[in-house]
Amino acid sequence: MKEIFDIVSRTCSKEVTNAYSTSFSMATKMLAPTIRQDIYNIYGFVRFADEIVDSFHDYDKEKLFGRFETSLSQALEDKISLNPILNSFQETVHKYEIDRAFIDSFMDSMRLDLSKHEYITEDEYKQYIYGSADVVGLMCLKVFVRGDQAQFEALRENAMSLGSAFQKVNFLRDLKADFEGLSRTYFPNTNLESLDEESKQRIISDIEEDFRKGYEGILLLPTDAKFGVFMGYRYYKRLLKKLQKTPAIDIKNTRIRVPNYEKIGLLTRSYVKYQLKMVK
């Protein structure tokens, strides 16, 4: 029966989430069980695409990405895939009628990572972030509002801002790995070889504005989704605070992280805030 294969597929997406991201996994566990699996399904898909372009250095990435892209199209058309990650993803896409344009934009940005190493203009930068992060937020939002299009449209801009904030924090945290390991620079008009405090603060101010808009949307989310998204917001805000306190010279020479014991403490305090109705 296909039901058994679907269960295996969903389990694979959950295991991918748990294996690749303790922070995202922790936040996803705070979502209501009725929507949790669908977020695992989305994360599994975006993680696999990202791994191809970022990690498989000893293989033909272009070839692998092309195969993955073809398999994705077939999965969405046939409503089944022998790739369990794509099988669980297509299930979520069809359940909530996720716009194919979001998926295509995401794949376009991932494909850019195969060859593009520098983003010179603001337009290039914003277009990449839209495809790599904003649309992921929009896909998740479709799940959070259970496909309600009116509610989706009301929260669209907030979801995009939160997705942008998360991605920009990742860019700032991963400066060393992206610049030295992958020869990529995402921030326009910024010389990463001599990153100074002024440039760092300009980036952080931009991220803080995205967080502000994103938080406004969190307050309007359905109860099933609110605490999980708030948890993700709190984690990334903590990471940004650490980056703000870290000298620019150190940011580009190391990877800033939030230790697991801090994540647990953050979870506890966030839950208290939520229970005390401080997140309304």
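Me: Which residues touch the most other members of the largest nonpolar core?

Reply: In this predicted model, the largest nonpolar core has 70 residues, and I42, F45, F106, F144 and F211 touch the most other members. Helix α7, residues 122-144, gives the largest share of this core, 12 residues.

Me: What does F144 touch, not counting residues up to four places away in sequence?

Reply: With those neighbours left out, F144 touches L31, I35, I39, L221, P222, A225 and V229. A touch here is a pair of heavy atoms within 4.5 Å.

Me: How many helices and how many strands does the secondary structure of the protein chain come to?

Reply: The chain has 13 helices and 0 strands. Read from the N terminus, the elements run α-α-α-α-α-α-α-α-α-α-α-α-α.

Me: What share of the residues of the protein chain count as buried?

Reply: Of 280 residues, 51% count as buried. The cut-off for that word is under 20% relative accessible area. The accessible surface of the chain comes to about 13,500 Å², and carbon and sulfur atoms hold 53% of this surface.

Me: What part of the contacts with a separation of 6 or more comes from residues 24 or more positions apart?

Reply: Such residues account for 71% of those contacts in the protein chain.

Me: What makes I4 buried or exposed?

Reply: I4 has a relative accessible area of 55%, and exposed means over 50%, so I4 is exposed. I4 sits in helix α1, residues 2-20. Together with M1 and V8, I4 forms a nonpolar patch on the surface, with about 360 Å² of accessible area between the three.

Me: What makes D6 and K2 a salt bridge?

Reply: The closest N and O atoms of D6 and K2 are 2.8 Å apart, and the cut-off is 4 Å between a side-chain nitrogen of Lys or Arg and a carboxyl oxygen of Asp or Glu. The pair therefore counts as a salt bridge. Both residues lie in helix α1, 4 residues apart, about one turn of the helix. D6 is buried, with a relative accessible area of 11%, while K2 is partly exposed at 37%.

Me: How do you know that the side chains of E62 and R111 meet in a salt bridge?

Reply: The N to O distance between E62 and R111 is 2.6 Å, and the limit is 4 Å, so the pair meets the definition. The pair links distant parts of the chain: E62 belongs to helix α4, residues 61-78, and R111 to helix α6, 49 residues apart. E62 is partly exposed at 45% relative accessible area, and R111 is partly exposed at 27%.

Me: Why are R100 and D104 separated by about one helical turn?

Reply: They are separated by about one helical turn because they stand 4 residues apart in helix α6. R100 and D104 form a salt bridge, with the closest N and O atoms 3.0 Å apart. R100 is partly exposed at 35% relative accessibility, and D104 is partly exposed at 33%. The structure holds 17 salt bridges.

Me: What is the phi of E97?

Reply: E97 has a positive phi of about 55 degrees although it is not a glycine. Most residues other than glycine have a negative phi. E97 lies in the loop between α5 (84-96) and α6, and E97 is exposed, with 64% relative accessible area.

Me: Where does R146 lie, and what is its phi?

Reply: R146 lies in the loop between α7 and α8 (149-173). Its phi is near 55 degrees, a positive value in a residue other than glycine. R146 is partly exposed, at 42% relative accessibility.

Me: What makes E216 buried, exposed or something in between?

Reply: E216 has 37% relative accessibility. Buried means under 20% and exposed over 50%, so E216 counts as partly exposed. E216 belongs to helix α10, residues 197-218, and its side chain makes a polar contact of 2.8 Å with the side chain of R212.

Notes:
Residues are numbered from 1 along each chain as its sequence is written. This is a predicted model: local features need pLDDT of at least 70, side-chain atom pairs count only at pLDDT 80 or more; totals for chains, interfaces and linings use all residues. Side-chain values use heavy atoms; hydrogens and water are left out. Patches are made of residues with over 30% relative accessible area and no salt bridge: like charges are joined within 9 Å, nonpolar side chains (Val, Leu, Ile, Met, Phe, Trp, Tyr) within 5 Å. Accessible areas come from the Shrake-Rupley method with a 1.4 Å probe; for residues, only the protein chains shown count as cover. Helices (H or I, at least four residues) and strands (E, at least two) are DSSP runs, numbered from the N terminus. Buried means under 20% relative accessible area, exposed over 50%, partly exposed in between (1.4 Å probe, protein chains only). A polar contact is a pair of N or O atoms within 3.5 Å; within protein, one must be able to donate a hydrogen and the other to accept it, and residues adjacent in sequence count only if both atoms are side-chain atoms. A nonpolar core is a set of buried Ala, Val, Leu, Ile, Met, Phe, Trp, Tyr and Cys residues joined through side-chain atoms within 4.5 Å.
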